[in-house]
Amino acid sequence: MTGARPGRTAATKQKLFDAALKLVGERGAASVTVDEIAAEAGVAKGTVYYNFASKDALVDALLRHGVELLAGRLRVAEVEADTERAMETLVDGVLGFFAEYPAFGQLLVSELWRTPGQWHGTLSLLRDDIVSIVRGQMQRLSDEGRLPEGVQVGTASAALFGTLLVVALDWQVFQPERDLADVREAVLLLVRGLRPAV
């Protein structure tokens with residue numbers, strides 16, 4: 001009997017994550033209540049507090065969970081031997097993630113640039129995790145002499161991360177009729193433009 005509880009708890013937490021993500025993505029974290037999250041998840045209000053100390057703790061956990069999923073997709077690029085393929089994998093990871101979780105993209109972008117935001121501390125750490133993965137790929141380009149002279153790896157990493165976030169959000173919110181392959185190719189053209197002129 002005790003062996004079944006962790007599975008039920010995990011399933012309940014996932015329902016709460018999904019419900020919170022849907023509502024927060026639609027209206028922003030500040031305007032969503034615990035009652036609404038519980039109703040959307042189909043659970044009692046007390047279940048939210050049983051699994052998370054508060055709505056803020058749930059949103060914090062939601063942000064961490066989503067960024068961990070995104071980071072997992074981006075880390076696939078680290079095992080690619082070919083730098084060009086690694087950059088494609090990185091772009092695919094970000095665009096594919098936001099195609100699958102558009103509400104999380106909206107939440108992430110809105111909270112990242114809300115200053116000062118309630119989850120700024122958490123997001124700063126999470127952003128650093130993602131940017132460090134992107135930075136690793138930019139460092140590879142730099143080591144191969146494929147960044148234009150004077151372009152710093154840190155600046156290029158933040159620029160690519162920001163570009164991918166904004167392009168993904170723009171695609172999901174304003175141009176949902178575009179297909180993934182089209183958006184991917186547009187981003188890769190930008191990335192390839194980082195190469196020094198020959």
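Domain bounds here come from an automatic or database domain assignment. The model is predicted: local features need pLDDT of at least 70, side-chain atom pairs count only at pLDDT 80 or more, and totals for chains, interfaces and linings use all residues. Residues are numbered from 1 along each chain as its sequence is written, and side-chain values use heavy atoms, with hydrogens and water left out.

**View 1. The two domains of the protein.** The assignment gives domain 1 as residues 1-52 and domain 2 as residues 56-192. Taken over C-alpha atoms, the centres of domain 1 and domain 2 are separated by 27 Å.

**View 2. The interface between domain 1 and domain 2.** Contact (heavy atoms within 4.5 Å) links 11 residues of domain 1 with 13 residues of domain 2. The size of an interface is often given as the accessible area lost when the parts come together. Buried area is that loss with a 1.4 Å probe, summed over both parts. Domain 1 and domain 2 bury about 1,000 Å² between them, and 86% of it lies on carbon and sulfur atoms. On the domain 1 side, F17, L21 and F52 lose the most area to domain 2, together 49% of what that side buries.

View 3. Between domain 1 and domain 2 the count is 0 salt bridges, a salt bridge being a side-chain nitrogen of Lys or Arg within 4 Å of a carboxyl oxygen of Asp or Glu.

**View 4. K13 and the ring of F52.** K13 lies over the face of F52, at 5.5 Å from the ring centre. The rule asks for NZ of Lys or CZ of Arg within 6 Å of the ring centre and within 35 degrees of the ring normal.

**View 5. The aromatic cluster of F97, F98, Y101 and F104.** These four residues form one cluster. Rings of Phe, Tyr and Trp (its six-membered ring) pair if their centres lie within 6.5 Å; planes under 30 degrees apart count as stacked, over 60 as edge-to-face and the rest as tilted. By this rule there are 4 aromatic pairs. The rings of F97 and F98 are edge-to-face, because their planes stand at 80°, with centres 5.2 Å apart. The rings of F97 and Y101 have centres 5.0 Å apart and planes at 45°, so this pair is tilted.

How values were computed: Buried area = accessible area lost by both parts, 1.4 Å probe.
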